[in-house]
Amino acid sequence: MVVKYIAFNWEGQKVEGVLDVRTEEDARRLLERDNLIPYRLEPVTPRRSLLRFLHLFLTPKPKELIDFTRGVAALLTAGIPLRETLRIMHGQSQDIVLKEVLGQVMGIVESGERFSEACSRFPKVFPGYYVSLLRVSEATGELAAAMDQLANSLDKSKAIRDKVRGALVYPAFTMGVAVLVGIVLILYTLPALVGLLSEFGGELPITTRLLISFSELSKGNTTYILAVILGLPAALIVYTRTSGGARVRDRVVLKLPVIGTVTERMNLFGFTATMSSLLDSGIPIMEALQLSQQSVTNIVYRERLERVTEETSQGVRLGVAFSHHWPSPPVLSSGITTGETSGTLVPALRALAEYFEQEATRAAAAATELIQPAIMVLVAGAVGFVAIAVISGVYSTVGAVK
């Protein structure tokens, strides 16, 4: 049952909240355990809103989770109790998914469960490594430090993703505008010129004849062409949601000249940063390897990491397992081997994370410098072909009139 309470602390301050307990007597015991004097207890009917299940389908924005994590770290460091901290962060959250989840987390914590256990019930919002760090920090009493560490790690990952997306936004926008202009020219502008060019006769250039042929073909099949233009991307999206399609997509991405390098560096940064944080918190190496798989977004690399984990569980040293299943780039296995040998695995992983972070940033900048000119050349070529076809057709028609 859910009980809404009003209580007072020993300083006379009023405290309100809800508890998820079996009986009102359990609620009284929980309040007294927290040095609160119960004043009023009211059983309430819990909400049955669809929002309670929203976290099963949607996830909060990365920035919202970062702000929540950093806010909790700051409030705990300032000496504010966890329950009051959660209430404050719930009140200022702007993301509807995170706000609803925090409301449920508050109820679970107020019923007597640990913060980490409450977060573990929402795996799509709080990843496994996030929850594991919370468990360790609760046992050591370093929850504020762990939250600050998580916020920094999440913030770095988001910064790299934003740089990569920023590198692709302008080329994608340019290509979209070019396709739209091409459709307008071929479906609407060119047909008006076809009659004029045909009326005066003359030998039309091959570029003009090709453009006219395509225009006539598309004129009677506009619906089918639009269906293909809209349906093909939708079909690809659906296909990549399957396990086989996602594997094919990730393999193709890794083979792309510039995007493949960016993807590799981002995944290596995510793995090394997460792994170093987990080991630094005292989590055993096998559990840390399994949890780190969640930070690897590319299926090809995740499968490599699974093979590394399996071989390590059989007694093979971590560096050797990486040299077998993840040999490229060699700095990864070499750095891990050196750290294992010298007993400085955590600092070695942290140094690798900084290295791959810088490499991912450089690769994203290189992608921007290379992709944008390539798209401009492609767009200029397509528009230039249409322009040349139309202008040369007009000139040939004028020559025939003379």
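Predicted model: local features only at pLDDT ≥ 70, side-chain atom pairs only at ≥ 80, totals over all residues.
1. Lys14 and Glu16 form a salt bridge, with their closest N and O atoms 3.4 Å apart. Lys14 is exposed because its relative accessible area is 53%, and exposed means over 50%. Glu16, at 37% relative accessibility, counts as partly exposed.

2. Side chains of opposite charge can pair when their charged atoms come close. How many salt bridges does the count come to? The count is 14.

3. A salt bridge also joins the side chains of Arg247 and Glu303, at 2.7 Å from N to O. This pair links distant parts of the chain: Arg247 lies in helix 10 and Glu303 in helix 13 (residues 299–313), and the two are 56 residues apart. Arg247 is partly exposed, at 30% relative accessibility.

4. The side chains of Arg249 and Asp250 meet in a salt bridge as well, at 3.0 Å from N to O. Arg249 is partly exposed, with a relative accessible area of 35%.

5. Salt bridges also occur as a network, which links Glu264, Arg265, Glu359 and Arg362.

6. On the surface, Tyr239, Val248, Val252 and Leu256 form a nonpolar patch, and together they have about 340 Å² of accessible area. Leu256 sits in the loop between helix 10 (243–255) and helix 11 (259–280). Leu256 counts as partly exposed, since its relative accessibility is 37%.

7. Helix 14 (residues 318–325) has buried residues: Leu318, Gly319, Ala321 and Phe322. Why are they on the same side of helix 14? They cover an arc of only 160 degrees around the axis, so they lie on the same side of helix 14. As background, an α-helix has 3.6 residues a turn, so residues three or four places apart point the same way.

8. Ser120 belongs to helix 5 (residues 115–120) and is partly exposed, with a relative accessible area of 27%. The side chain of Ser120 reaches the backbone oxygen of Glu117 at 2.6 Å. Leaving aside neighbours within four places in sequence, Ser120 is in contact with Val131 and Arg135. Ser120 and Arg135 are 15 residues apart along the chain, and their C-alpha atoms are separated by 9.9 Å.

Methods:
Residues numbered from 1 in each chain as written. Heavy atoms only, no water. Helix = DSSP H or I, 4+ residues; strand = E, 2+ residues; numbered from the N terminus. Buried < 20%, exposed > 50% of the residue type's maximum accessible area, 1.4 Å probe, protein only. Contact = heavy atoms within 4.5 Å. Polar contact = N/O pair within 3.5 Å; in protein donor to acceptor, adjacent residues only side chain to side chain. Patch = residues over 30% accessible without salt bridge, like charges linked within 9 Å, V, L, I, M, F, W, Y side chains within 5 Å. Areas by Shrake-Rupley, 256 points an atom, 1.4 Å probe, with all protein chains shown as cover. Salt bridge = Lys/Arg side-chain N within 4 Å of Asp/Glu carboxyl O. Arc of directions from axis to C-beta.
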